[in-house]
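Here are a few friendly notes to read alongside the model. Have a look at the structure first, then go through the points in order.

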Amino acid sequence: MEWSTTGTISQVPRYAAVDIGSNSVRMLTADVLPSGKFEVLASQREVTRLGESVFRAGEISAQASDFVCSMLTRMGAEFRKLDPMGVRAVATAAVRDASNQREFLARASDALGAPVEIVSGQEEARLIHLGVEAVWPHPDQRIMIVDVGGGSAEIIVAEDGHVVEAVSKPLGAVRLTGLFLKADPPEPGDITRLDDYIEERLAPVVRRIGVKPCARAIATSSTAAALVCAVNRIPRVRRDDADRLRAPLAQVRKLYKDLCRRDTAGRVKVPGIGPRRAQIIVPGIAVLLQCMERFHLPSLYYSTAGVREGLIADLAARRVGAERTQLTQDTRREVERMASKFQVPLRRARHVAGLARVLFESLRSLHGLAPGWGRLLEAAAYLFDTGHFVSDTGHHKHSEYLVANSDLPGFTGRERTLIAVLCRFHRKALPSARHTTFQQLPADDRRALLFLIPLLRLADALDRGHEQRITSITCQVGASAIEIRLQSAQSADLEVWAAQRTADAFAAVYQKSLAASQA
């Protein structure tokens with residue numbers, strides 16, 4: 001199914017996600033393929049240090065707010081160009097802790113052009129897990145995920161693809177840098193106090209989760225990226241090459257000791273560590289190292305996934321925007337008004353429209369059409385018989401004329417034309433070169449209509465007797481054939497026969513044979 005509101009055809013749902021973290025703001029826009037994988041269309045990240053003023057003074061400074069909102073304005077403009085089906089934007093630890101969070105959320109939402117919500121540490125952990133599972137599934141294993149952000153660290157244990165433990169602690173790299181590291185390079189006493197603080201905060205987490213072996217421990221976020229890049233000597237500009245590479249415990253210990261001795265300029269010389277990351281890398285790696293030691297993790301693997309990917313996966317799992325495949329209450333009222341005006345029996349029209357919706361949803365892996373096309377198919381299912389009001393002879397042509405030339409509030413002129421063309425081809429020949437109205441449409445519209453015409457014909461056929469005998473249908477999609485199983489308390493022989501009569505048109509478009517039978 002497609003989840004775009006444009007006139008073009010996309011094969012998959014499209015979503016945008018924004019993660020307003022304590023250290024950076026990230027945006028991701030992606031198509032979610034039928035396999036569940038993401039096709040990234042736009043990705044942006046900007047270091048903001050939003051948490052610095054919060055962890056120091058308890059509120060988001062005016063300067064930080066201005067900068068973040070300017071980034072959100074830019075990111076919102078970018079994802080709106082791609083017309084995502086749904087958008088979710090979240091703020092994490094820094095905004096959770098800010099005394100002026102309400103004012104910031106209002107500004108941020110206005111700048112982004114979409115609501116911004118604060119998520120709890122537990123929800124943040126859930127989203128991180130969703131993101132990792134979306135891009136690197138572990139359906140049959142026990143794994144641990146450690147995400148060290150700017151304001152908090154999330155520790156997640158999952159088994160068979162489901163979270164069994166999730167803990168959020170205020171152990172973010174920006175927060176800890178402000179609390180403990182005053183000198184550059186850090187004083188040994190400050191490092192000791194940092195390590196002791198982390199150990200104290202992790203102790204109850206270790207008692208709660210235990211040290212049961214995991215098939216894999218995965219670290220996410222930029223701190224983890226820098227760590228794995230440094231261990232594997234991958235330049236920062238090739239950071240994505242570190243995805244799924246590992247950092248063994250011994251090398252993490254060695255790197256931590258080395259970084260603690262260096263000043264910021266010296267840390268920048270380490271492969272994979274940029275100038276901004278160098279300022280906060282020591283506490284970030286300290287948290288990762290102690291997690292490895294306390295949970296007996298021999299190595300950490302890096303994953304590029306995180307909250308953004310989790311937001312996309314969450315939107316897709318909840319099928320946000322799927323309601324756009326159907327008529328709204330207002331538009332349904334308008335098509336029913338028109339159907340009644342031309343004496344179409346509403347009971348049958350509603351039944352056929354319902355069948356058309358099921359077919360559209362059930363075969364979305366084949367047609368890959370935008371949800372808006374489902375809405376137009378439903379409207380056509382109400383209106384394709386309006387032409388009988390003029391004449392039974394050639395009524396499909398009369399239906400096209402009536403729809404094309406009637407006022408239909410809630411639909412654009414283009415949409416009304418497309419509904420009219422669907423009505424025209426609900427019977428008789430499929431569109432060909434001699435059908436000028438069809439041929440004058442844009443190529444994407446013609447392609448979409450070709451996918452919808454067999455569905456409208458099949459929905460009509462499944463109420464051939466005009467008695468609404470079919471109570472439900474199921475579609476089984478095979479490699480070369482589609483089987484439609486009909487549920488009915490009465491004999492459905494007539495509907496089975498009528499459905500089979502649509503098989504040639506169906507095969508011509510979908511390149512699959514069609515078989516119908518009563519269950």
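How much of the accessible surface of the chain belongs to carbon and sulfur atoms?

1. Carbon and sulfur atoms hold 48% of the accessible surface, which comes to about 21,800 Å² for the chain (Shrake-Rupley method with a 1.4 Å probe). Please keep in mind that this is a predicted model, where local features need pLDDT of at least 70, side-chain atom pairs count only at pLDDT 80 or more, and totals for chains, interfaces and linings use all residues. Residues are numbered from 1 along each chain as its sequence is written, and side-chain values use heavy atoms, with hydrogens and water left out.

2. On the overall build, you will find 23 helices and 14 strands in the chain (DSSP runs: H or I of at least four residues, E of at least two). A box of roughly 95 × 45 × 40 Å along the principal axes holds the C-alpha atoms.

3. Of the 519 residues, 56% are buried (under 20% relative accessible area, 1.4 Å probe, protein chains only). Taking contacts between residues at least 6 apart in sequence, 70% join residues at least 24 apart (heavy atoms within 4.5 Å).

4. As for charge, the chain carries 69 positive and 58 negative side chains, and the centres of these two sets are 3 Å apart (Lys and Arg against Asp and Glu, with His and the chain ends not counted; charges are placed at NZ of Lys, CZ of Arg, CG of Asp or CD of Glu).

How values were computed. Buried < 20%, exposed > 50% of the residue type's maximum accessible area, 1.4 Å probe, protein only.
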